[in-house]
Amino acid sequence: MAELVMAAATPHNPLLWRAMREPVPDDLIAVEANFRRIREAVAESEVDVLIVLGTDHVRQFFSDNSPAFIVGKAASYHGTYENEVRTFGMEYAELQGHPELATQITGREVLPEAIDFSVSHEWRLDHSFVLPLQYVRPELDLPIVPIHANSILPPLPTAARFAALGHHLRTAVESWDSDARVGLLTSGHMATDVGGPRTFNGSPDPAFDAEAVEWMRTGDLDGAIAGCRFDRIMAAGNVTYQYVNIVAALAAMQGRPAELAEATTSRFASSPFFLWRAAA
């Protein structure tokens, strides 16, 4: 059977793509080092296919058509969007899909009992998917199954449902009749505000960042679910809800403490870096 060999979380701030150029600025050296550490973990884990959990930023899925969780079943994907190339200097990407694993995740005949999915056979990926891949797998040679989690357009799924997603991903992988080694790559934010006086002024809520790191460092899944209430997260910043993607990773790794758990500071809001690997 297939095996979930690792999970990781990174930031997907598109401004990093423009700012992290050689020589790397002093305040981004730690960010670059953590991207490299996760890149090395993907290589060392000999991953065959990546499940990439991100949040489309109202580009593919709008308020008139915004399911909570969408699994990509396409054979290939194109990324990113013109404005992200123009504004942030990002690069276009062509990515191979993995319809067989996508079908394994969504169910072949009926949806899994734990969580409801929508599916998409035509999907253009934005920076929340492309940017983490460009940093941790710059060859872009691994097939992917993208999963969009709605963390932007209320009503939002609760943290408990993100945990159910993580549990389901592990079950789906482990019941897959394949010898594939599967990795889970998530991305999101620590406390982050976009627009207004709290933008580009460091973390708007260091207390939330510290608590959010501790949940992952100690493997406190119940604490993470209880702490990720809508009102608490929105008080930490208007795009902080994308942190909840990382709760799914913690659940997928069965609530084990992360070997890397850090809110890395820089000129931007703090960046999430979390890493789990399968027990030897």
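User: In which loop is Glu46 found?

Analyst: This is a predicted model, and in it Glu46 is found in the loop between helix 2 and strand 2.

User: What is the phi of Glu46?

Analyst: The general idea comes first. Most residues other than glycine have a negative phi, and most peptide bonds are trans. In this structure, phi of Glu46 is near 50°, a positive value in a residue other than glycine. Val58 provides another case, with a positive phi near 55°. Val58 is found in the loop between strand 2 and strand 3.

User: How many residues of helix 4 are buried?

Analyst: Burial can be read along an element residue by residue. Six of the eight residues of helix 4 (residues 99–106) are buried, so this helix is largely enclosed by the rest of the structure. The buried residues are Leu101, Ala102, Thr103, Gln104, Ile105 and Thr106.

User: What do the buried residues of helix 4 pack against, and which residue follows the helix?

Analyst: Their partners are strand 2 (49–54), strand 3 (69–72), strand 6 (118–120), strand 8 (144–149), helix 6 and strand 9 (181–188). Gly107 follows helix 4 and has a positive phi, near 100°.

User: Which way do the residues of strand 3 point?

Analyst: The directions of the side chains can be followed along the strand. Phe69 and Val71 point one way from strand 3, while Ile70 and Gly72 point the other way, and all are buried.

User: How many bridges join strand 3 to strand 8 and to strand 6?

Analyst: The number of bridges and the sense of pairing are read together. Strand 3 is joined to strand 8 by three bridges, and these two strands run antiparallel. Val71 stands opposite Ile147 in strand 8. Strand 3 and strand 6 also pair over three bridges, but in the parallel sense. The bridge partner of Gly72 in strand 6 is Ser120.

User: What is the strand order in the open sheet of three strands?

Analyst: The order of this open sheet is 5-4-7, and its pairing is mixed. Strand 5 (93–96) and strand 7 (124–125) are the edge strands, each pairing on one side only. Strand 4 (residues 76–79) runs parallel to strand 7, and two bridges join them. His78 has Arg124 as its bridge partner in strand 7. Helix 5 (residues 127–136) packs on this sheet and touches strand 4, strand 5 and strand 7; its direction makes about 85° with that of strand 5.

User: At what angle do helix 6 and helix 10 pack?

Analyst: A helix pair is described by its angle, the distance between its axes and its handedness. Helix 6 (residues 159–174) and helix 10 (residues 245–252) pack at about 40°, with axes 7 Å apart. The two helices are therefore oblique to each other. Their crossing is right-handed. Residues making the contact include Phe162, Leu165 and Arg170 of helix 6, and Val247 and Ala251 of helix 10. By class, the contact has eight nonpolar, three polar and one charged residues.

User: How many residues lie between strand 10 and strand 11 in their hairpin?

Analyst: Six residues lie between the two strands of this hairpin. Strand 10 (residues 260–264) and strand 11 (residues 271–277) pair in the antiparallel sense over five bridges. Ala261 stands opposite Phe274 in strand 11.

User: Is Ala258 buried or exposed, and what does it touch?

Analyst: Ala258 has a relative accessible area of 10% and is therefore buried. This residue is found in the loop between helix 10 and strand 10. Not counting residues up to four places away in sequence, Ala258 touches Met216, Arg217, Leu275 and Trp276. The C-alpha atoms of Ala258 and Ala7 are separated by 9.3 Å, although the two residues are 251 residues apart along the chain.

How values were computed. Residues numbered from 1 in each chain as written. Predicted model: local features only at pLDDT ≥ 70, side-chain atom pairs only at ≥ 80, totals over all residues. Heavy atoms only, no water. Axes fitted to C-alpha atoms, helices over the stretch in contact; angles between N-to-C directions. Helix = DSSP H or I, 4+ residues; strand = E, 2+ residues; numbered from the N terminus. Parallel < 35°, antiparallel > 145°, perpendicular 65-115°, else oblique. Left-handed = near helix turned anticlockwise from the far one by under 90°. Contact = heavy atoms within 4.5 Å. Nonpolar A, V, L, I, M, F, W, Y, C, P; charged D, E, K, R; others polar. Pairing = 2+ DSSP bridges. Buried < 20%, exposed > 50% of the residue type's maximum accessible area, 1.4 Å probe, protein only.
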